[in-house]
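Here is a short report on one protein chain. Look at the picture first, then read on.

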Amino acid sequence: ITPDYVVQWENISVVSVGLPHGAYRQGELCYKSAYNRTSPCGECVLQRAMKSRQMERVKFFLDDRRAVEFFATPVFKDDGELDGIVIRVDDISDRERMIEELRQAKLRAEQSDKLKSSFLANMSHEIRTPLNAIVGFSELVAHTDDAADKEMYLDIIRHNSSILLQLINDVLDLSRIESGKTKMELQDVEICALGEEVRQVHLLKMKPGVVLKYEHPEQEIWLHSDQNKIVQVLFNFMSNAIKNTQEGSITLRIGIDYSMVRITVEDTGCGIPAEQLQVIFERFTKLNNFVQGTGLGLSICQTIADKLGGRIEVESTYGEGSAFSLLLPYLPDLRTRPQTEARQE
């Protein structure tokens, strides 16, 4: 291309690989034939090469998601005067795709490394805390003769053993999820009876001044789902509610929400700030660092809900309380007719 932008010649077989055939036509202005412009392009690579008197290059992404790279090399006469610019057009779509794949792989590797570091930091603290209590109070039990003290020490050991077991279960659940070995064991489940079992288990875990309520329809509600996984999610909801509720009530509520069964655990606890609602399902996220736990529970619950064809919804007002709901697909048959009125216990 001459210094006044007139195309002198083109290698059609090569140019057509990167650009539509005829984009540059011999004897015509390059910016008119290629871009249908009346003046040179604003960031024209030819202008840059003519000004710097060196090879210049620029990269473009075409509408069909292809990427092309322009190389502009100035050619000089014997007296040093600019004779013209040789343009080379390379289709770099494959290269750009490989670069993007490598960039994504690098980001995933960095994220994995951060998660590993976060995991080790969490585990080293969370496991050490109950272990120290178990070891320390086991020594005290061995050296005390007072029956009341011994019973108190044993209660502390049992409590911390339960915490340690939950930590290990969370880690094992996460490992199974990561390896893709989590399987749903589907069976017919009567949700109201299951809710009663959950209520009974947690009655004795209520703090003084906190009441556990249970609301459910009179009619039975049957689902074809994984009972153990549903219980795991509800236990997590209940555990979080108990941890964060110092007074008032915790309500386990079951009802029909259109084509879904909604199982809700609502509390009058501390609530969650609005800006933190978006991160509570991220792994290792703990809103209160003074409360025992790995920060894995809600992330695992969300994965379980997805695999059961449902979802988890959260409503919370900071300082007033929270409501975590598990919604599962519901297809009523002859024995499962929804009732709008709820019975309270």
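## A threonine in a strand

Thr-251 lies in strand β7. This is a predicted model. Is Thr-251 buried or exposed? Its relative accessible area is 7%, so Thr-251 is buried, because the cut-off for buried is under 20%.

Which residues does Thr-251 touch, leaving out those up to four places away in sequence? They are Lys-213, Glu-215, Thr-264, Val-265 and Glu-266.

## The chain as a whole

The protein chain has eight helices and eleven strands. Of its 345 residues, 37% count as buried. The chain exposes about 20900 Å². Carbon and sulfur atoms supply 52% of that area.

Residues 24 or more positions apart account for 61% of them.

## How confident is the prediction?

The average pLDDT of the protein chain is 83. A score of at least 70 is reached by 85% of the residues. Residues 336–343 have a pLDDT below 50. Beyond near neighbours in sequence, this stretch has 21 contacts in the model. Where pLDDT is low, the predicted coordinates should not be read in detail.

How many residues does the largest nonpolar core have? The count is 42. Those with the most contacts inside this core are Ile-191, Ile-230, Phe-237, Ile-250, Val-261, Ile-263 and Leu-326. Two or more residues come from each of these elements: α6 (191–203), β5 (210–217), α7 (227–244), β7 (248–257), β8 (260–267), α8 (297–307) and β10 (321–329). Helix α7 gives the most, with eight residues.

Look at Leu-326. Leave aside its neighbours within four places in sequence. Leu-326 is then in contact with Ile-230, Val-233, Phe-237, Val-261, Arg-262, Ile-263, Ala-305, Arg-311 and Ile-312.

## Helix α8 and the cysteines

Which residues are buried in α8? They are Gly-297, Leu-298, Ser-299, Ile-300, Cys-301, Ile-304 and Ala-305. Gly-309 follows α8 and has a positive phi, near 80 degrees.

The structure holds zero disulfides. Cys-192 has a relative accessible area of 7%, so Cys-192 is buried. Cys-270 counts as partly exposed, at 39% relative accessibility.

Arg-66 sits in the loop between β1 (56–61) and β2 (67–76). At 23% relative accessibility, Arg-66 is partly exposed. Why not buried? The value is 23%, and buried means under 20%.

The side chain of Arg-66 makes a polar contact with the side chain of Asp-91, at 3.2 Å. Arg-66 and Glu-96 are 30 residues apart along the chain. Their C-alpha atoms are separated by 9.0 Å.

Most residues other than glycine have a negative phi. Tyr-5 has a positive value, near 75 degrees. Tyr-5 is found in the segment before α1 (12–18). At 13% relative accessibility, Tyr-5 counts as buried.

Arg-53 is not a glycine either, yet its phi is positive, about 60 degrees. Where is Arg-53 placed? Arg-53 is in the loop between α3 (45–52) and β1. Arg-53 counts as partly exposed, with 43% relative accessibility.

Key. Residues numbered from 1 in each chain as written. Heavy atoms only, no water. Core = buried A, V, L, I, M, F, W, Y, C linked by side-chain atoms within 4.5 Å. Buried < 20%, exposed > 50% of the residue type's maximum accessible area, 1.4 Å probe, protein only. Helix = DSSP H or I, 4+ residues; strand = E, 2+ residues; numbered from the N terminus. Contact = heavy atoms within 4.5 Å. Polar contact = N/O pair within 3.5 Å; in protein donor to acceptor, adjacent residues only side chain to side chain. pLDDT = per-residue confidence, 0-100. Areas by Shrake-Rupley, 256 points an atom, 1.4 Å probe, with all protein chains shown as cover. Disulfide = S-S within 2.5 Å.
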